[in-house]
Each structure stands twice: as C-alpha cells, then as structure tokens.
Amino acid sequence: MVSEPPATPVRAQILVASNRGPISYALGEDGALDARRGGGGMVSGLSAIGSGADSLWVCSALGDGDREALRRGVGEPGVLMLDMDPDIHSAAYNDIANSVLWFIHHLLYQTPLEPVFDADFRRRWSAYESYNRAFARALADHAADGAAVLVQDYHLALVPGLLRELRPDLRIGHFSHTPWAPADYFRLLPDDIAEQLLRGLLGADRTCFLTRRWADAFTDCAVRVLGEDALTGRRIGVHGLGADAGFLKERSHRPDVAERMTALREQIGPGRRTVVRVDRTELSKNIVRGLLAYRQLLDTRPEWRERVVHLAFAYPSRQDLAVYREYTAEVRRVADEINEEYGTDGWTPVVLHVKDDFARSLAAYRLADVALVNPIRDGMNLVAKEIPVVSDEGCALVLSREAGAYEELAADALTVNPYDITGTADALHRALSMPADERLRRTERLAAAATALPPQRWFLDQLEALRAL
Ligand code: G6P
C-alpha cells in the first residue's frame with residue numbers, strides 16, 4: 001500500500017502526519033508532473049527543525065497527479081505519500097471528514113433533515129477506519145524508538161489510539177486545527193462513533209487545540225460521553241498558532257504583489273475605502289452573510305455608496321462536495337445582485353475573485369482599510385492575524401466572536417455575532433469611520449497579539465512538551 005521516495009529515512013525521530021501533505025503534483029497535458037509546495041503553519045513550523053533533521057512527513061496521495069508521482073517513483077526526501085485506494089480516500093475525506101466531522105465541529109447541519117446516520121454512513125465510516133489504520137501502520141513502520149509523532153486534525157482522529165497499540169514506545173501528539181463541538185451537538189453522532197473518536201484522540205500523550213475554548217469543549221465531551229475518569233492521566237494542550245511576520249512582510253513587498261496592487265487600485269477607483277475578505281469558499285466562513293451585511297450598509301447608509309469597494313476573495317475549496325459548489329454559486333449570485341442593484345458606471349461595489357492567487361491576497365491585505373472576518377465558527381482564522389501584520393496604513397478588523405482568533409484579538413477588533421447582519425453592517429460602518437490614528441494604534445496591538453506565537457515556536461513548543469514527558 002505504501003510506496004516511498006528514494007531518500008526517505010527508514011526510521012525517523014520526528015514524524016508529522018496529515019491528510020494534505022506539503023507537496024502536491026499536477027499532471028500536465030503533455031504528461032509532465034508539476035510539483036507544488038503548499039504553505040501554512042505546519043510547513044513553516046516544521047522548517048524550525050532544519051532540513052538536515054531526521055524527520056518524516058506522512059501524508060496521503062490526494063489526486064491523480066499525486067498517484068502518478070507515486071507510480072513513477074517521484075518524491076521528495078522527508079515526505080512519505082501514502083498510496084491510498086481512491087475510493088477509500090474519497091469516503092474517508094469527502095464523506096466522513098469533510099461532510100460529518102467538519103460539519104459537527106462547525107455546527108453546519110440543517111438539523112431537520114440531516115445528519116442521517118444509516119447503513120451507508122456505516123460503510124463510509126469503515127473506510128475512515130481503514131484510512132486511519134493505513135496512517136497508523138505507516139507511522140509505526142517509520143518511527144525510530146521513542147520517536148515523537150505529531151498527528152494533525154480531524155481526518156486522523158483515530159490514529160493516536162491505533163498507533164499507541166502498535167507502538168507503545170512512541171510519544172504521540174494530536175492537534176485539532178478546528179473548533180471542537182459543544183457536547184450536545186457532538187452527541188448528534190451515534191454513541192459508539194462519538195466514543196471511538198474521543199478514545200482515538202485520547203490515545204495521544206497530548207491532545208491539543210488552538211484555543212482554551214476548544215480544549216474545554218473537548219474535555220466536556222470526553223466527560224459526558226466517556227465518564228468522569230476519561231481524562232485521568234491525560235494531557236490537554238493549547239497552542240495558539242500565530243502569523244509568521246517575517247515571512248509575510250518580506251513576501252508582501254515583492255514585485256508581483258506591487259503589480260497586483262496596481263491592478264486592484266484600478267478596480268477600486270481613486271479615493272475609495274476598501275473592505276477586504278480572503279477565504280476559501282468554505283461554508284463555515286460565512287461569506288454570504290458578509291455580503292448581506294455589506295448590502296445592508298449600502299442600503300441603510302447611502303453616504304457610503306460610491307465611496308467604498310468590497311474586495312471579496314473566495315478561493316475554490318472541496319469542490320467534490322455538491323454543497324460547496326452550491327455555496328460558491330450562491331456567493332456569486334449575491335455579489336452580482338449587489339452590483340446590479342447599486343453599481344454605477346464608475347463604481348463596482350463588490351469585486352469578487354474566485355481564482356486562488358496568493359500575491360493578490362497579499363496585495364489586498366496591504367490595501368485593506370477594513371478586514372471582514374465573520375466566520376460562523378473557526379478553529380483560529382489566520383487571515384484575521386495576517387491582515388494587521390501586512391496592511392500598509394493600518395486596518396480596522398471586524399471579527400466574529402466565534403473565531404478562535406477572538407480570544408487573542410477581541411480587545412482591538414470590532415466584534416460581531418456572525419448571524420447578526422444588522423450588527424455586522426453596523427460594525428462595518430464603525431470600522432470605515434474609525435479615525436486614522438485610532439486605527440493605526442489598534443492595528444499595532446493586533447499585529448503584536450497576532451504574532452505572539454509564530455509557527456516555528458508553535459511547532460517547537462509541541463515537540464518540546466512531548467519530549468519532556
Ligand atoms: C482546514 C483544516 C485543514 C485543511 C484545510 C484546507 O484548515 O483544518 O486540515 O487542510 O482546512 O482544507 P482541505 O480540505 O482543502 O485540505
């Protein structure tokens with residue numbers, strides 16, 4: 001099941017496991033393989049231990065390009081891509097991880113009709129178990145005696161327990177990058193599955209979360225489902241991943257970003273304010289309600305018409321799932337409606353971009369007068385932390401109280417209930433009206449809070465905590 005690239009160490013001292021790895025391959029029409037490096041906290045975190053270190057990142061082949069790379073024996077040293085059966089992967093990733101576990105932790109179900117836990121669900125759950133077993137086996141095979149293993153996220157919730165059975169000598173950490181559901185909502189899951197998930201995670205020496213709030217929700221669930229003793233001898237950690245200031249500042253001042261700024265300025269028009277949002281087109285990000293709030297602002301405060309542009313970047317995500325495709329269509333529909341209703345010859349109220357472009361995102365960060373981050377629920381939300389670090393002239397942050405980042409940023413943000421359109425429209429007005437000096441002072445404090453735990457420190461803290469056990 002597992003094929004490995006040539007320079008992979010046979011037994012590593014530090015292992016990371018995640019569904020999505022640091023590299024992915026795309027198969028061109030000419031048959032050539034194009035390797036793409038991903039970003040994110042884990043990639044820069046792991047760089048803290050240096051390239052010469054004895055480490056291995058275990059991930060899954062995700063698409064045809066990855067599978068072709070495995071077939072051709074193409075790979076990267078330090079990365080072990082598992083050759084998962086595509087049907088097993090799709091059932092585990094699309095049907096369980098993204099359609100059940102993600103929905104549970106982000107409170108996304110429309111409960112009169114869903115979820116439905118029937119025989120079909122049970123078949124998919126078996127695939128999720130096989131997928132987790134494949135990771136546990138690969139980690140067990142490639143870990144040196146007493147090695148530290150850092151397992152990531154809800155895709156791999158069963159791995160810690162399974163791995164502990166195979167290799168009791170290892171130090172195992174699990175990190176949830178998502179929120180954790182309130183106990184009543186978590187218990188929508190069938191009892192045996194709820195129990196299996198909790199026991200899986202508690203198989204780790206340390207079970208970790210991005211904020212105290214998610215850690216507390218987890219311990220509450222564990223006690224409610226498994227009983228009072230569930231946490232005896234268990235360690236629950238909190239590590240609030242921050243933004244990487246050095247990287248962001250350098251990257252956002254390269255020529256490709258300057259080019260994008262020129263193009264965006266043209267779309268915005270002279271003298272106008274900007275409300276910026278950058279997200280994956282993700283149900284939990286609440287993009288549609290963000291647009292509705294912006295529409296309400298234009299409706300109830302006509303003084304902003306012609307004077308503000310909403311730059312909304314909503315990049316494709318999880319398009320294998322119908323509900324994500326429908327959501328993407330709804331985002332477009334509402335943006336078009338606003339432009340039809342309010343737009344004039346020289347003014348487009350919403351500039352929506354749906355093609356992923358990191359340089360353009362940074363350009364928008366630099367131009368932002370207001371950042372809109374209004375998720376229904378979010379593990380952390382790094383955009384809320386990145387914009388204050390990058391913005392040229394300071395930006396006012398409108399922030400959902402349901403984002404993990406709220407814990408660290410609330411004091412200097414304008415905070416909103418993400419379901420309250422009127423409240424959000426009002427916060428946008430206050431943000432747009434904030435005096436420049438106040439905005440700058442708040443932005444400085446936001447940037448300091450946002451960078452308190454940079455990715456490398458975040459990663460090393462977890463590693464050191466595991467090794468100290
Ligand atoms: C969230 C999850 C990550 C995931 C990312 C992108 O941040 O916590 O585990 O990788 O979304 O989603 P995707 O399904 O494209 O990997």
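Which residue in β11 is the bridge partner of Arg273? Val308 is. Let me take the strands in order.

A word on the model before that. This is a predicted model: local features need pLDDT of at least 70, side-chain atom pairs count only at pLDDT 80 or more, and totals for chains, interfaces and linings use all residues. Numbering runs from 1 along each chain as its sequence is written, and side-chain values use heavy atoms, with hydrogens and water left out.

Strand β10 covers residues 273-280 and runs parallel to β11, with eight bridges joining them. Two strands pair if DSSP finds at least two bridges between them. Between β10 and β11 the chain passes through helix α11, residues 287-300, in a right-handed β-α-β crossover. Right-handed means that, with the strands pointing away from the viewer, the path from the first strand over the helix to the second runs clockwise. Helices (H or I, at least four residues) and strands (E, at least two) are DSSP runs, numbered from the N terminus.

Next, the other neighbour. β11 pairs with strand β12, residues 350-353, in the parallel sense over four bridges. His310 has Val350 as its bridge partner in β12. Helix α12, residues 322-342, carries the chain from β11 to β12, and this β-α-β crossover is right-handed.

Is β11, residues 308-315, mostly covered or mostly open? Mostly covered: eight of its eight residues are buried. Buried means under 20% relative accessible area, exposed over 50%, partly exposed in between (1.4 Å probe, protein chains only). One side has Val308, His310, Ala312 and Ala314. The other has Val309, Leu311, Phe313 and Tyr315.
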